[in-house]
Amino acid sequence: MTNATNNTGVGAFTANKEKPWERVKNARKENRPQARDYIGKLFHGVFEVKGDRCFGDDPAIITAVAWFENWPVTVIGQQKGHTLEERMACNFGMPHPEGYRKSIRALKQAEKFSRPVICLVDTPGAFCGIEAEERGQGLIIAEHLRAMATLKTSIISIIIGEGGSGGALALSLSDRLIMLENSYFSVISPEGCASILFKDSSLAQEAAENLKLTASDLKTFNIVDSVIKEPEGFDRFNMDKIVMDLGRDIKRTLRRLTRIKPDRLVEKRHEKFLGMRGL
Amino acid sequence: MKLFSESIEVENAAERPKDDALEKLHCGGCGKDMIADIAHANDSTCPYCGALFRQPAYKRIEMIVDSGSFIEIEREAESKDPLSFPGYKTKIASEKTKSNMQEGVIIGKATIKGQRTAIAVMDSYFMMGSMGTVVGEKIVIIAGFATMNRLPLIIFCASGGARMQEGIHSLLQMSRTTIALARHSEQKLLHVNVLTHPTTGGVTASFAMQGDIIIAEPKSLIGFAGPRVIEQTVKDKLPEGFQTSEYLLGKGLIDRIVDRKDLRDTLAEILGLHCKR
């Protein structure tokens with residue numbers, strides 16, 4: 001797994017060239033820790049809140065109130081599932097509109113009780129199906145973005161695996177964006193890009209390189225605030241180091257953000273994004 | 001915050017180039033071919049069967065706002081190539097020639113039956129109206145301009161979604177436009193969207209669905225995912241009329257479907273209903 005970080009010595013050139021695609025594959029690995037794994041380790045006293053109070057409960061998005069050290073926080077995490085049964089229940093991490101609606105409910109409650117929000121982003125994308133369209137997938141992502149843009153409490157987003165398109169972006173409009181070393185964040189999947197632009201989905205590797213979707217690319221663009229390095233043999237059974245590093249980053253950030261007045265916090269969030277011209 | 005006050009250049013709409021690059025159009029409704037200029041002179045409607053063509057942005061302006069009232073801003077903004085994406089620069093150059101547009105959206109201020117408004121019109125003839133940094137930035141600028149000048153904002157949406165060639169920078173425009181429009185909305189200013197064929201992807205999942213009032217042209221494709229992607233996902237044929245304006249109206253996702261020839265009157269009415277007394 002850590003081949004991707006090895007860019008010295010013989011074969012460095014090829015390794016370098018393969019990096020983005022290797023990272024995408026790492027981000028998708030079955031045993032990579034997922035939202036529920038992090039929730040179990042980073043927080044305690046977790047009370048999961050369920051349902052959008054309208055249509056149903058979407059297991060692809062977990063929302064909870066929990067303790068992070070001595071802060072009560074709201075946690076919103078996209079969950080893919082490890083086993084086949086779990087994966088099917090979570091729709092392979094592709095949320096439906098009710099998932100985003102539940103998440104908006106959690107955001108509003110966080111604001112009401114002045115709790116910081118911590119988002120764990122991990123999705124190949126919002127679900128593209130008939131029912132999802134019927135229930136307004138586009139509309140609900142737009143509303144989720146609006147809710148995060150105006151939320152008067154601090155938001156930290158962490159891309160822990162796949163940052164697939166609008167479905168991931170919906171949870172990323174935050175005061176601090178953290179990415180794990182082998183996560184990616186992209187406008188479209190490399191396969192999708194390859195099949196549309198290069199007319200051949202087997203050119204995904206090339207597309208991954210061209211899309212500049214790795215954590216280090218996004219750090220260069222100043223879109224992501226910090227990148228957490230992944231240790232050798234990192235998986236869901238071996239994640240203590242990452243949990244420690246993440247915990248440290250969250251703690252430092254919360255100390256800083258919770259001192260800022262809510263109106264000023266929102267203003268700063270706006271300035272941050274409006275300043276990202278990418279031109 | 002001074003983000004919007006800088007570098008707004010004002011130009012006269014009369015100097016704009018002509019839309020003469022579009023030569024022929026094929027009507028999907030009746031199967032006839034015709035000269036594009038003739039169709040566009042007829043509100044971009046098929047003279048044989050009345051089916052709607054995608055309307056070039058400047059034609060749209062001509063049809064909607066009071067004659068001579070449109071003042072375009074930021075006309076010269078053009079896309080860079082932030083990812084050095086293969087073939088992108090060439091693509092942009094050819095799209096410019098083909099569409100006679102600098103980018104996929106024009107923005108400015110105008111009056112509609114004497115009522116002042118800020119307006120943005122996307123053009124699907126420029127790279128299918130895809131949203132890259134310039135399209136996003138221009139929506140941010142016009143939202144900021146409308147906020148500063150306390151104007152309502154009308155956005156004609158037409159987009160295939162976020163532009164792949166600018167990668168993450170395109171995706172981020174969803175957040176940026178959302179923020180700019182949230183600031184407009186917080187000042188209790190009106191935002192009307194007109195969804196036209198096609199409105200999909202990142203544009204649907206951000207500003208296209210954030211209007212106080214959302215109207216659509218008949219039979220337009222409006223959705224988050226494109227129909228082909230959905231078909232591949234569900235491995236089944238899609239129901240008849242799926243993702244059309246009529247379908248969205250039935251699902252409670254938009255307010256009204258308005259014929260192209262009635263859009264000017266309808267927008268004037270909406271502006272009138274929201275003017276402060």
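Good morning. In chain A, the axes of helix α4 (residues 97-112) and helix α6 (residues 137-150) come within 9 Å and cross at roughly 20 degrees. That makes α4(A) roughly parallel to α6(A), because angles under 35 degrees count as roughly parallel, over 145 as roughly antiparallel, 65 to 115 as roughly perpendicular and the rest as oblique. Axes here are lines fitted to C-alpha atoms, for helices over the stretch in contact, with angles from 0 to 180 degrees between N-to-C directions. Helices are DSSP runs of H or I with at least four residues, numbered from the N terminus.

This is a predicted model, in which local features need pLDDT of at least 70 and side-chain atom pairs count only at pLDDT 80 or more, while totals for chains, interfaces and linings use all residues. Residues are numbered from 1 along each chain as its sequence is written, and chains are lettered from A and ligands numbered from 1 in the order in which they are written.

α4(A) passes α6(A) in a left-handed crossing, that is, the near helix is turned anticlockwise from the far one by less than a right angle. Among the residues that make the contact are Y100(A), I104(A) and L107(A) of α4(A), together with I140(A), H144(A) and M148(A) of α6(A). Contact requires C-beta atoms, placed from the backbone, within 7 Å. By class, this contact has eight nonpolar, three polar and two charged residues. Ala, Val, Leu, Ile, Met, Phe, Trp, Tyr, Cys and Pro count as nonpolar, Asp, Glu, Lys and Arg as charged, and the others, Gly among them, as polar.

I turn now to the contact between the chains. It takes 43 residues from chain B and 42 residues from chain A. On the chain B side, the largest share, 14 residues, comes from α5(B). That side has 25 nonpolar, 13 polar and five charged residues.

Helix α12 (residues 262-274) of chain A packs against α5(B) at an angle of about 135 degrees, with the axes 9 Å apart. α12(A) is therefore oblique to α5(B). This crossing, too, is left-handed. H270(A), F273(A) and L274(A) of α12(A) meet S175(B), R176(B), I179(B), A180(B) and R183(B) of α5(B).

Not counting residues up to four places away in sequence, P20(A) touches A208(A), E209(A), L213(A) and T214(A).

Note on methods:
Contact = placed C-beta atoms within 7 Å. Helix = DSSP H or I, 4+ residues; strand = E, 2+ residues; numbered from the N terminus.
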